[in-house]
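Biologist: I have a structure open and would like to go through it bit by bit. Can you take my questions as they come?
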Amino acid sequence: MYRFNDFDEAFLRDRVSRFRAQVERRIDGSLTEDEFKPLRLMNGLYLQLHAYMLRVAIPYGTLNSAQMRQLAHIAERWDKGYGHFTTRQNIQFNWPRLRDVPDMLDALADVGMHAIQTSGNTIRNVTADHFAGAAADEIADPRPVAELLRQWSTDHPQFQFLPRKFKIAVSGSRHDRAVTRAHDIGLEIVEKDGEIGYRVIVGGGLGRTPMIGKVLRDFLPQDDLLPYTEAVVSVWNLLGRRDNKYKSRIKITVHEHGIAEIARLVEEEFQQIRPGFAGLDRDFLSHIEHFFAAPALSEKSTAPNDAAYETDPVFRAWADTNLAAHRHPDHAIVTVSLKKHGGTPGDATAGQMRVLADLAERYGHDELRISHEQNVILPHVHKADLPAVHAALKAADLATANVGLVSDIIACPGMDYCSLATARSIPIAQQIATRFENLKVEHDVGLLKIKISGCINACGHHHVGHIGILGLDRAGVENYQVTLGGDHTETATIGERAGPGFSADEIIPAIERLVLGYLDLRESRDETFLQAYRRLGPAPFKALLYPEAKADAA
Amino acid sequence: MPRPFTPKVVTANRLLEGDAVWRTRDGDWSPDMAQAELIEDARTAELRLLEAAAEAHLVVGAYLADAARGETRPEPVHFREAFRTRGPSNYAHGKQTDMQEKT
């Protein structure tokens with residue numbers, strides 16, 4: 001993975017020392033809160049319902065063991081012994097004290113990490129496929145490009161005061177695991193006549209006005225990536241609305257001006273700025289690519305895996321749900337579920353982080369990934385080592401076999417922490433997971449993506465959940481609206497609202513009726529919830545959610 | 001006819017710790033909403049908010065929150081304000097434990 005050079009190191013230290021001085025000036029009264037707030041946000045520090053929150057970037061979700069150990073150390077020394085992994089592949093610490101934050105940032109800088117541009121109207125943490133460099137269906141590793149974009153966008157003088165935040169995701173596989181179609185810019189690595197290039201998708205996003213991104217360029221040659229991306233952001237920077245924050249994102253700009261006009265303007269800007277890059281970006285990309293060289297995979301017998309699979313039903317259940325195909329047939333991609341039934345989606349204790357770091361170091365070529373689905377990935381594990389990895393995970397309470405199932409729920413922090421939230425999301429996720437664990441049906445139900453947001457801003461990606469749940473405040477009471485048929489992959493779809501919302505007491509039974517009812521609707525075990533929904537349309541699913549409406553109509 | 005005034009409390013987050021606090025009758029900031037001054041008219045509410053704004057060295061983002069007159073103490077009206085008196089529901093963190101430790 002990318003290692004910081006002296007320039008990066010000096011830049012980070014300087015930034016921390018400036019923030020340290022800013023914190024002091026806030027505390028001694030030299031800075032007002034109005035002056036301080038944009039400065040703390042530029043450094044990832046929010047003030048939430050019960051405490052400050054520090055959001056730390058994990059670029060394209062990639063970590064090594066030393067970095068994971070440092071996150072554990074920070075969680076223990078300055079927080080309450082845990083961290084929360086988010087849908088932007090970041091980690092959030094929920095309880096820092098203002099005076100400690102510069103020390104936390106220095107501790108992050110010790111391992112080449114920071115919290116820069118995890119907030120504010122800037123280009124945010126660039127996300128990527130969490131199986132990058134390992135997936136069997138990969139065309140090329142998306143991380144070198146993501147790292148190039150990270151360096152280009154960090155402290156970019158032209159893009160520090162954008163109309164609004166700006167999110168970029170990169171996928172390098174045929175299957176989109178990076179939700180590229182719900183990003184301001186989604187980049188898909190594609191191959192045409194043996195040449196690698198990018199499909200550039202623009203104007204996707206969730207939130208108040210959810211939209212699926214549109215293709216701006218079907219095939220952009222590799223060498224043009226950076227000037228072209230800069231042209232897109234520049235065009236939006238000028239055109240994007242600053243009069244109304246609900247209309248400021250590029251999805252609205254694309255919607256208002258039309259994709260053809262945006263394409264024309266981008267092309268004009270691109271032709272103008274392209275000569276200025278003079279190939280430096282291309283040379284730098286090939287420099288970065290060296291850092292992402294594939295690990296030297298070991299050759300040994302997979303017999304221990306085969307034996308465990310035959311004899312240990314607990315291992316088998318875990319292997320069946322939590323492993324994905326690696327490009328090397330003797331290896332596997334391990335997804336470690338942070339969705340223990342009844343736990344908080346995306347939370348890991350300091351002790352668990354250390355176990356993950358140890359496993360990465362011992363069995364996983366020192367690599368860890370954070371997925372936007374709030375799980376942790378060991379991308380390169382030899383199959384012979386899977387029983388040992390599983391045993392260690394089990395001992396650390398990390399062996400939940402539920403990846404892709406009902407209880408593998410995305411949930412934003414909601415009103416348990418977030419000051420923007422309109423309702424809680426964590427308790428809903430906990431109750432759904434616990435309920436289906438008790439029913440013992442989730443393996444029978446199969447692939448099902450439930451995604452929960454505690455407000456319209458949609459950090460929990462509810463619009464693209466097969467079942468989406470949105471928590472709202474209806475006349476001073478928590479209320480949960482259900483959307484159906486959403487899809488976050490290469491066939492991305494915005495879910496449709498099913499009908500009136502449910503109270504906190506009603507939502508769990510409603511989801512239970514919906515999921516159990518689907519078992520009767522599906523054609524076979526192979527037909528997923530989403531496939532059944534697409535085949536049958538919303539009516540039978542709405543009837544499951546609202547049985548009384550059906551009775552009234554009869 | 002003017003609408004009846006909903007009683008208010010002044011609340012904010014502490015600058016250093018970030019935790020929720022309420023303004024007391026003595027003009028201090030307490031982590032316990034029970035200690036808050038219940039304000040029953042609009043003019044006093046406006047004045048108290050101005051006083052709070054002058055204490056930016058202690059607190060951040062002071063605002064008026066609706067409150068109800070309980071048996072012995074002001075009580076939150078909205079669930080968001082109720083959560084602020086307790087802490088998150090997924091862990092025994094925040095006031096629900098901090099307050100017990102102090103008593």
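Biologist: Which backbone oxygen does the side chain of A:T154 reach?
Modeller: The backbone oxygen of A:R150, at 2.5 Å. Keep in mind that this is a predicted model.

Biologist: Where is A:T154 placed?
Modeller: A:T154 is in the loop between α5 (143-153) and β7 (168-171) of chain A.

Biologist: And what does A:T154 touch, not counting residues up to four places away in sequence?
Modeller: On that count, A:T154 touches A:F11, A:I116 and A:Q117.

Biologist: New topic. Which strand is A:R217 found in?
Modeller: Strand β10 of chain A, residues 214-221.

Biologist: What is A:R217 in contact with, leaving aside neighbours within four places in sequence?
Modeller: The contacts of A:R217 are then A:Y198, A:R199, A:V200, A:Y228, A:E267 and A:F270. With A:E267 there is a polar contact, side chain to side chain, at 3.1 Å.

Biologist: How many residues apart in sequence are A:R217 and A:V202?
Modeller: They are 15 residues apart in sequence, and their C-alpha atoms are 9.2 Å apart in space.

Biologist: What about salt bridges, how many over all chains?
Modeller: A search of the whole structure gives 55. One of them joins the side chains of A:R199 and A:D218, with 3.1 Å from N to O. A:R199 lies in strand β9 (residues 195-202) of chain A and A:D218 in strand β10 of chain A, so this pair ties together parts that are 19 residues apart in sequence.

Biologist: Why do such side chains pair at all?
Modeller: Side chains of opposite charge can pair when their charged atoms come close.

Biologist: Which elements of chain B give two or more residues to the side that touches chain A?
Modeller: β1 (8-14), β4 (59-69) and α2 (79-86) of chain B. The largest share is from α2(B), with four residues. By type, that side of chain B divides into 10 nonpolar, nine polar and five charged residues.

Biologist: How many residues are in contact across it?
Modeller: 24 residues of chain B are in contact with 32 residues of chain A.

Biologist: And what area is buried between the two chains?
Modeller: About 2300 Å², with carbon and sulfur atoms giving 59% of that. On the chain B side, B:L16, B:F79 and B:F83 lose the most area to chain A, together 25% of what that side buries.

Biologist: Next, the sheet in chain B. What is the strand order?
Modeller: The order is β3-β2-β1-β4-β5 in chain B, an open sheet of five strands with antiparallel pairing. β3 (29-30) and β5 (74-76) of chain B stand at the edges with a single partner strand each, so one side of each has no neighbour in the sheet.

Biologist: How many bridges pair β1(B) and β4(B)?
Modeller: Six, in the antiparallel sense. Within the sheet, B:V9 stands opposite B:A65 in β4(B).

Biologist: Which helix packs on that sheet?
Modeller: Helix α1 (residues 42-53) of chain B, touching β1, β2 (20-23), β3 and β4 of chain B. The direction of α1 makes about 150 degrees with that of β4(B).

Definitions and conventions
Residues numbered from 1 in each chain as written. Chains lettered and ligands numbered in written order. Predicted model: local features only at pLDDT ≥ 70, side-chain atom pairs only at ≥ 80, totals over all residues. Heavy atoms only, no water. Contact = heavy atoms within 4.5 Å. Buried area = accessible area lost by both parts, 1.4 Å probe. Nonpolar A, V, L, I, M, F, W, Y, C, P; charged D, E, K, R; others polar. Pairing = 2+ DSSP bridges. Axes fitted to C-alpha atoms, helices over the stretch in contact; angles between N-to-C directions. Polar contact = N/O pair within 3.5 Å; in protein donor to acceptor, adjacent residues only side chain to side chain. Salt bridge = Lys/Arg side-chain N within 4 Å of Asp/Glu carboxyl O.
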